[in-house]
Amino acid sequence: MSLHIPAMKEESAPSKEQAQVFQQLLGAIEAVRITRQEEYREKDHPQLKRFTQQELNDEACPTYKNWLIGRSHRLPSRSMLMQIADYLECRLSERNDILLAAQYLPEQPDLEGDALRRALEAAQQIMEALPYPASVVTHTFQVQAANEFFLRLFELPPLDTIPPHQRDTIHFLFHPDVCRRSTMTTEARALWQTHALSGIQLFKQQNVLSQYDAWYQQSVQQWCAIPGFQKYWEKAREATRQEIAPTKVVLARMATTGEVLPIRLRHTLISVSGKTSPAISAFLPVDEAARAVYASFGRVTA
């Protein structure tokens, strides 16, 4: 008795519209690939990537060579395109060019222009009404506004006197005075270290699709000049889980007597626009010493 083996089903020929979309997608991918290749023509890539068609096929998309020779015209899934974009180290605009070429919705950028201005104004109004030390921050970790309580509690100068490139939560966290007042005991130092690591992880998480954008690279480069930052940046890169920011212990001054007390605070982020940015960054009192310090500033908390 003969054994009948059915023939392998061939991929049906694409419609004219499908073929056009597919060629559009290949053009978008190749444009980015060639751009990356040119950027590293005169220098070595840190991971020795060469950004060739074969390497893209081997490292990110096993069917890429089939696409190039016309053996397959099936549009890839969105997740496959994101994988290709990761390999190509796409900036957000390049990632969206690839998604749009395949007729997928683009990744939504953060608020810009008038929408951002309105969200910042709303966040500032809420911040000023809070009985807590608070600031308004964006996804870049830039501090756009801070209430008087925040500046007085952490003994920081007015925002407009701080150079713009230092007006961010990373500079505040690693500021020598803030760091000194947050690491006065073994417990406080351990809490500050976890707080620093979780903050860096949050920045990386919120901006994972922008990690190759110029503003991101410039921010990290500037922060690496801060003593101690690079150590925690590398720790965040190696971490296998997201750290949960614990309570924070800091030395704070009673507004009425000038007495300095160790107080325990809890950090929280409040969204105001349905997006992660902008947000209000606030510190809530945890222990009786913190509530006493807050009361000395005329702040009544539950």
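Arginine 95, leaving aside its neighbours within four places in sequence, is in contact (heavy atoms within 4.5 Å) with Met82, Ala85, Asp86, Cys90, Glu107 and Leu209. Arginine 95 lies in helix 5, residues 92-101; helices (H or I, at least four residues) and strands (E, at least two) are DSSP runs, numbered from the N terminus. At 1% relative accessibility, arginine 95 counts as buried, where buried means under 20% relative accessible area, exposed over 50%, and partly exposed in between, with a 1.4 Å probe and protein chains only.

The model is predicted, so local features need pLDDT of at least 70 and side-chain atom pairs count only at pLDDT 80 or more, while totals for chains, interfaces and linings use all residues. Residues are numbered from 1 along each chain as its sequence is written, and side-chain values use heavy atoms, with hydrogens and water left out.

**Strands and their pairing**

- Strand 1 (residues 134-137) pairs with strand 2 (residues 143-146) in the antiparallel sense over three bridges; two strands pair if DSSP finds at least two bridges between them.
- Within this pairing, serine 135 has alanine 146 of strand 2 as its bridge partner.
- Five residues separate strand 1 from strand 2 in a hairpin, and phenylalanine 141 in the turn has a positive phi of about 70°.
- Strand 1 also pairs with strand 5, in the antiparallel sense and over four bridges; here valine 137 has alanine 279 as its bridge partner.
- Strand 4 and strand 5 run antiparallel and are joined by seven bridges, with leucine 284 of strand 5 as the bridge partner of arginine 266.
- Strand 5 (residues 279-285) is mostly covered, since six of its seven residues are buried.

**Helix 7 and leucine 151**

- Helix 7 (residues 148-153) contains leucine 151.
- Leucine 151 is buried, because its relative accessible area is 15%.
- Not counting residues up to four places away in sequence, leucine 151 touches Ala146, Leu156, Pro157, Pro158 and Leu159.
- Glycine 113 is 38 residues from leucine 151 along the chain, and their C-alpha atoms are separated by 28 Å.

**Helix 10**

- Helix 10 (residues 186-206) has 21 residues and reaches 30 Å from its first C-alpha to its last.
- That span is close to the 30 Å expected at 1.5 Å a residue, the expected value being 1.5 Å times one less than the number of residues.
- Buried residues in helix 10 include Leu191, Trp192, His195, Gly199, Ile200 and Phe203.
- What covers the buried residues of helix 10 includes helix 8 (169-173), helix 9 (176-182), helix 11 (214-223), helix 12 (229-238), strand 3 (248-253) and strand 4 (260-271).

**Cysteines**

- Zero disulfides are found in a search of the whole structure, a disulfide being a pair of cysteine sulfur atoms within 2.5 Å.
- Cysteine 61 is in no disulfide, and the nearest cysteine sulfur, that of cysteine 90, is 13 Å away.
- For cysteine 90, the closest cysteine sulfur is that of cysteine 61, at 13 Å, which is too far for a bond.
- Cysteine 61 is buried, with a relative accessible area of 0%, and cysteine 90 also counts as buried at 0% relative accessibility.

**Aromatic rings**

- The whole structure holds 22 aromatic pairs; rings of Phe, Tyr and Trp (its six-membered ring) pair if their centres lie within 6.5 Å, with planes under 30 degrees apart counted as stacked, over 60 as edge-to-face and the rest as tilted.
- Phenylalanine 174 and phenylalanine 229 form an edge-to-face pair, 5.9 Å centre to centre with 75° between the planes.
- This pair ties together parts that are 55 residues apart in sequence, because phenylalanine 174 lies in the loop between helix 8 and helix 9 and phenylalanine 229 lies in helix 12.
- Phenylalanine 174 and phenylalanine 229 are both buried.
- The rings of phenylalanine 203 and tryptophan 233 have centres 6.4 Å apart and planes at 55°, so this pair is tilted.
- Phenylalanine 203 is in helix 10 and tryptophan 233 in helix 12, so the pair ties together parts that are 30 residues apart in sequence.
- Ring pairs link a cluster whose members include Phe141, Phe174, Trp192, Phe203, Phe229 and Trp233.

**Charges over rings**

- The charged end of lysine 204 sits over the ring of tryptophan 233, 4.0 Å from its centre; this requires NZ of Lys or CZ of Arg within 6 Å of the ring centre and within 35 degrees of the ring normal.
- Lysine 43 lies over the face of tyrosine 40, at 5.2 Å from the ring centre.
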